[in-house]
Amino acid sequence: MHLDPFALHRPTSVDETVRLAGSLAGRFDYLAGGTDLLPNYKMHLNLRPNLIALEDVGELRGHGAGRFGAMERLAELDDDPAIRAEYPVLADAVGEVATPLVRASGTVGGNLLVETRCFFFNQSYFWRESLGFCLKADGDRCHVVPQKEKCYATFSGDLAPALMALDAEVEVAGPAGRSRRPLEALYDAAGDGIRRVHLAPGELLVAVHVPAASRGLHGRYKKLRVRPSYDFPELGVAVAGRWDGDRVASLRLAVGGVEPHPRRFDALTEPLVGSALSDDRLRALADEVMRQLRPVHNTFLLPDYRKRMIGVYVRRAVDEARRGSAS
Amino acid sequence: MNATAPPPSARLLGGRIPYVEGPLKVTGRAEYTDDIQRPGMLVGRVLRAPWPHARLVALDVSRARALPGVYAVLTGEKYPTPFGVLPITHDETAIAVGKSRYIGDIIAAVAAQDERTAEAALALIRAEVEPLPEYSDPRMGVQPVAEPIHARGLNGSNIQKEVLQHFGDVDAAFAGAAHTARVRGTFAGVTHAFTEPLVTIAESTPDGRLTVWSATQVPHYLHRALAEVLGIPMHRIRVVKPEVGGGFGGKSDPLPHEIVCAALAIETGRPVKVLFDREDVFYTNHGRHPTQNDVKIALDRDGNIVAYDIEALIDGGAWSSFGTVTTYYNGVLSMGPYRVPNFRYKGRRVYTTKPPSGAMRAHGGTNLRYSIELALDILAEETGVDPFDLRLRNALPPNSVTVNQFRITSTSFRECLEAVRAKSGWAEKFRRLPYGRGIGLGCGFYISGSNSPIHFTPKMPQSTVHLKVDMDGGIAVHSMQADIGQGSNTLLAAIVAEVVGVDLERVHVQRVDSDVSPIDLGSYSSRVTFMMGNAAKAAAESLLVPLLEAAAQLLGTTPDRVAVGHERYYRRDAPEQGVTFLEALHGAMETRGALTASGNYRSPSMGGSFKGARAGTAPAYSFAAYVAELAVDVETGEYKVEKIWAAFDCGRALNRLAVEGQIQGSIHMGLGQVMGESMNYRGARLFNPSLLEYKIPMPQQMPDVEILLVGKDDPEGPFGAKEAGEGPLIATLPAVGNALYDAIGVRFTELPITPDRVLRGLDLRAKEGRPWKGH
Amino acid sequence: MSEAGLLRMRLNGHPVVAPCEPARILLDLLRDDLHLTGTKRGCDLGTCGCCTVLVDGRPTLSCLTLARLADGHDVTTIEGISPPQGLSPVQRAFVESGATQCGFCTPGFIVTATALLRDHPHPSRAEIERAIAGNLCRCTGYTKIVEAIATAAKDGA
Ligand SMILES: Cc1cc2nc3c(=O)[nH]c(=O)nc-3n(C[C@H](O)[C@H](O)[C@H](O)COP(=O)(O)OP(=O)(O)OC[C@H]3O[C@@H](n4cnc5c(N)ncnc54)[C@H](O)[C@@H]3O)c2cc1C
Ligand code: SF4
Ligand code: FES
Ligand code: FES
């Protein structure tokens with residue numbers, strides 16, 4: 001399978017990258033590890049005539065002291081025992097992404113911005129053309145929820161929920177300079193499977209920052225998929241918290257793999273802080289998260305099953321995080 | 001025998017023989033078809049139909065043809081001769097003629113200077129079509145239909161093949177039965193998913209010859225089909241089989257792209273390569289048929305099986321492929337491993353507008369077996385008998401004849417059952433493990449080489465092996481058997497080395513090349529060890545004759561008094577007196593010149609004389625009894641098969657390393673079909689033509705496998721061997737199905753058993769108010 | 001990246017200069033342009049691991065890597081891992097354990113296993129299974145592959 005021609009740009013600094021991005025506005029894609037973008041390009045999904053490779057932008061690399069460069073490869077995190085010690089929920093999530101070979105090239109930034117997925121979208125040009133193209137690429141209607149306005153493609157990155165549970169911020173560089181925003185604000189909660197992130201044209205993800213307060217939080221990421229490798233999440237539940245004996249000192253929960261963007265459930269977890277988490281309250285939390293999320297039929301497992309699993313996975317993730325905190 | 005020369009049988013065969021081509025494979029030096037470069041080679045590409053079923057009114061290829069860099073554009077009319085693997089069901093064409101029959105059917109092909117040009121050319125082809133009705137389900141085609149997929153469908157329906165068989169009196173047996181059980185199974189299609197994609201290179205040369213290199217497991221069928229469709233005699237076509245990256249049945253039909261590639265090479269006068277994408281491979285399919293079956297079993301008061309009443313509705317996809325055989329196998333492969341005195345079968349294979357199904361490892365055996373073994377478990381439970389005892393009571397005895405006249409010679413099925421029962425700790429575990437944990441038994445039975453060779457006129461031996469010895473004692477082996485990873489080259493070399501008494505490294509198995517390889521039917525129906533093995537043994541024995549004569553002369557004795565040692569021939573009566581292999585060889589060459597030898601195998605005549613009597617007849621059969629132990633997460637429906645005890649009767653295991661590998665690989669593939677693999681169709685459309693969404697199990701999902709090889713020597717197999725390449729898959733499925741029942745009290749009759757289905761099963765059980773192990 | 005569209009890298013220890021357009025995939029360059037055919041193409045989409053090579057020592061799916069990004073880097077293929085004579089300990093273990101059947105997945109596994117044992121000379125069974133979970137094998141059921149890697153580790157590969 002070959003790629004259609006494009007121009008390849010290799011800036012070496014963030015400034016240069018942003019300038020380049022400005023001049024190519026709307027006509028380029030960033031290329032990080034390429035493990036998401038290149039399969040999509042091979043399937044002729046939303047091709048652009050320019051690729052800006054971030055490979056040589058040194059500032060985007062590295063991790064430490066709560067900072068994770070956008071171009072840091074997942075394998076670097078996977079191999080670092082400090083991640084498991086300091087951010088167990090992130091270590092879980094990293095280890096569950098794709099396969100070791102994909103993690104060897106795939107990056108943090110690429111994972112946060114991984115293209116949303118759908119059985120009708122992640123198909124070859126031939127396949128899509130034979131059915132009739134859909135909204136998300138080359139077409140004007142949706143095959144999952146038949147209408148012409150909204151795309152229901154699923155956000156399928158594993159790191160985002162974990163980093164949300166750690167209250168992470170993203171550092172973005174753009175024509176207007178650097179800025180920081182909470183990770184959940186990177187995603188467009190009012191958007192859909194197509195309009196999914198709040199990044200101005202040409203804005204670049206530089207790094208993710210995890211606040212010091214999140215270091216050492218007990219956590220767990222639980223991922224539903226058919227096989228223990230390769231498969232994208234059909235559901236990903238991330239939990240991070242602190243327990244003071246039985247009492248919840250802090251608790252955050254985020255879920256991915258279900259809707260077009262990952263979601264954080266502070267409104268449900270904050271009221272739980274300060275008291276013990278009884279089995280009933282935990283079950284009520286899990287049921288409410290399940291109630292609020294709506295999987296559609298665009299992945300391998302059936303949506304009613306995925307929905308039901310939200311309840312089980314939330315309960316288990318919190319429970320395992322709590323037990324981890326006791327040990 | 002004496003100390004310096006151990007008995008030949010102790011040297012190689014029966015041991016663990018690493019693959020002879022292993023060093024080439026681990027260094028990347030083994031040559032597969034796509035590794036071959038020919039000068040000036042063009043890229044061949046096919047255009048696929050985007051419609052499930054359509055009449056091709058007009059195809060305009062003029063713009064494609066005019067594109068610079070395009071050397072040829074082909075449509076169906078140029079080579080309309082139908083072909084197919086079975087001589088009686090030729091219904092495929094290289095490129096669709098008149099109409100296309102599934103999403104992915106080939107409707108045109110191009111040869112161009114490179115991939116981009118080829119694809120650009122395909123995009124310029126304009127098709128005018130008239131849509132025809134989609135028949136995505138076999139049930140839609142059992143009655144006469146408006147627009148039959150093929151004219152040859154039965155009475156205007158889409159039925160490709162119907163089999164009706166009745167032996168004994170099934171109705172009477174059921175009427176008098178003490179217990180009956182019925183299982184209605186539904187099985188998704190699965191596919192081979194070999195790692196090497198389909199690929200062919202063809203080159204037509206000015207001497208009027210055509211050479212075709214292809215990833216095929218049956219070079220001979222390809223050779224025939226090329227000759228028929230292209231109208232070139234076989235002797236002007238040379239088929240070469242380089243290393244093949246897995247087949248499992250998926251490279252045994254002659255496939256359209258192979259013929260397309262050759263046609264493009266002829267059109268252009270240049271070498272052409274057609275390399276398929278993974279998606280193309282999924283559309284080519286020929287995998288295991290989506291099937292619905294209905295199995296009824298009757299027992300008498302004593303627990304003897306008195307009858308089977310079986311129906312199967314088989315989704316054939318767009319072409320016949322091996323379908324006639326499939327239709328028979330889905331019934332007659334029930335004839336072992338138990339005695340069945342009355343048997344009725346109605347099988348129908350129906351064309352659908354989907355990618356064709358065909359032969360896949362344990363062809364016709366898995367789905368039928370799953371339902372039978374579940375039904376037996378139900379009967380054991382109902383009658384309060386242990387599942388092992390029920391099966392032991394009904395085991396086919398050795399040297400018996402089945403009701404449909406299969407000849408059973410060796411069987412160690414009883415030994416298989418006894419071995420797994422003891423090893424698995426069955427008595428302590430069955431129905432005694434805690435809720436969510438389970439153990440289950442499943443058995444298997446498979447042919448060791450189809451007795452009826454496809455395509456053989458004049459009737460000749462199914463396998464021939466040629467040997468040629470050089471003056472330094474290197475032995476070149478020629479055979480058209482097709483090693484696709486199962487280790488047949490190694491076995492061929494080892495048999496020759498064993499018989500002739502030489503080091504394995506002297507024996508060089510030659511690449512399959514129809515110019516020099518004597519005919520063999522290739523790798524399917526688990527025939528290679530048995531048939532090629534016997535032919536190799538015969539060839540080596542015939543080579544030994546002049547060697548022993550020469551040795552006898554040098555030793556001053558007669559050939560019958562000379563024994564074969566290791567690289568040495570010696571006097572039986574005076575073992576210290578011997579000559580080396582090379583001395584004997586040179587002695588023989590002085591009188592005869594360079595040595596050659598030939599050996600062959602022909603299976604004995606067998607089977608009844610009724611219609612279809614030959615289907616399923618084989619010179620031997622393999623037997624299996626597996627126990628699986630697993631744990632189910634009853635909240636999520638996920639489960640892990642933790643251990644499989646696999647007792648298998650392949651007669652004598654000639655290469656234990658290879659046999660173990662076949663069993664482990666079969667279990668992996670069988671688990672795939674149980675746990676998650678499926679050709680995921682919505683209507684006629686395949687939703688998962690990728691290795692990401694086609695769920696082959698990962699290393700972490702493999703159970704610990706304990707292999708118990710308990711087979712006794714088969715009287716006709718080479719050195720007592722039978723097959724081990726396909727049979728080992730079959731028992732995996734019911735062992736897991738029955739273990740799931742033991743764990744959670746749910747009988748799963750729809751495969752694959754994905755976690756959502758497990759939960760649905762648990763829900764249903766709860767609704768019925770049927771507790772299991774206190775839950 | 002040179003303007004002339006030339007790619008310069010160290011390939012199996014030797015400097016190589018090759019014409020290469022931006023959209024060229026590393027796997028295609030290796031197999032089709034440089035005729036290093038030991039690296040296999042099983043899917044082209046990151047789903048089989050047959051195409052694994054080392055880039056600066058790191059196992060990499062060459063089917064998902066732009067060749068141009070190897071500019072200035074070290075690329076090692078199965079040809080570079082294989083000693084000029086004989087076999088590496090990992091390769092020998094694969095042959096002797098029966099870890100290669102059809103062999104099509106094998107170069108990818110050898111590359112992955114070689115890198116694993118370089119970084120973790122004594123992996124547990126679970127670590128081996130996890131490390132090879134991006135390489136697909138349809139023939140062996142992985143059992144003998146895991147055994148071979150464990151054997152190579154024991155023999156101090
Ligand atoms: C077989 C297979 C299985 C997979 N399974 C999983 C899985 O289980 N879970 C999972 O999460 N992912 C999975 N992936 C997807 C992907 O490999 C990972 O998400 C990976 O982390 C993506 O990182 P990358 O650097 O390769 O991204 P790229 O492909 O390089 O980029 C992805 C997207 O992010 C954009 N981007 C990248 N970096 C930046 C930046 N700094 N600023 C702005 N935009 C940027 C790119 O333009 C592109 O749109 C799988 C991929 C494959 C091939
Ligand atoms: S959800 Fe609808 S619009 Fe979005 S990718 Fe799927 S089919 Fe297309
Ligand atoms: S060819 Fe690269 S992963 Fe399959
Ligand atoms: S040996 Fe055939 S795919 Fe692994």
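Me: In β8(A), which residue stands opposite A:Arg67?

Reply: This is a predicted model, in which local features need pLDDT of at least 70, side-chain atom pairs count only at pLDDT 80 or more, totals for chains, interfaces and linings use all residues, and side-chain values use heavy atoms, with hydrogens and water left out. Residues are numbered from 1 along each chain as its sequence is written, while chains are lettered from A and ligands numbered from 1 in the order in which they are written. Strands (E, at least two residues) and helices (H or I, at least four) are DSSP runs numbered from the N terminus, and two strands pair if DSSP finds at least two bridges between them. β5 (residues 67-69) and β8 (residues 204-209) of chain A are antiparallel over 3 bridges, and the residue opposite A:Arg67 is A:His209.

Me: Which strands stand at the edges of the open sheet in chain A?

Reply: The sheet has 5 strands with antiparallel pairing, in the order β4-β5-β8-β6-β7. An edge strand has a single partner, so one side of it is left without a neighbour in the sheet. In chain A these are β4 (63-64) and β7 (177-182).

Me: Which residue is the bridge partner of B:Arg55 in β6(B)?

Reply: Strand β2 (residues 54-60) of chain B is joined by 2 bridges to the antiparallel strand β4 (residues 99-100), where B:Ala54 is partnered by B:Ser100. β2(B) also pairs with β6 (residues 126-131) of chain B, antiparallel over 6 bridges. There the partner of B:Arg55 is B:Glu130.

Me: How many residues of the shell around ligand 2 are nonpolar?

Reply: Ligand 2 sits in the largest cavity; a cavity is a set of points on a 1 Å grid over the protein atoms alone where a 1.4 Å probe fits but cannot get out, and sitting in it means that more than half of the ligand's atoms lie within 2 Å of its grid points. The residues around ligand 2 (a heavy atom within 4 Å) include A:Cys118, A:Cys134, A:Cys142, A:His143 and A:Cys151. Ala, Val, Leu, Ile, Met, Phe, Trp, Tyr, Cys and Pro count as nonpolar, Asp, Glu, Lys and Arg as charged, and the others, Gly among them, as polar. The shell has 1 charged residue, 1 polar and, as nonpolar, 10.

Me: What is the radius of gyration of chain B?

Reply: The radius is taken over C-alpha atoms, and the globule rule is 2.2 Å times the number of residues to the power 0.38. For 775 residues a compact globule would come near 28 Å, which agrees with the value for chain B, 27 Å.

Technical notes:
On a 1 Å grid over the protein atoms alone, a cavity is a set of points where a 1.4 Å probe fits but cannot get out, and a pocket is an open set with protein on both sides within 12 Å along at least five of seven lines; lining residues have an atom within 4 Å of a point.
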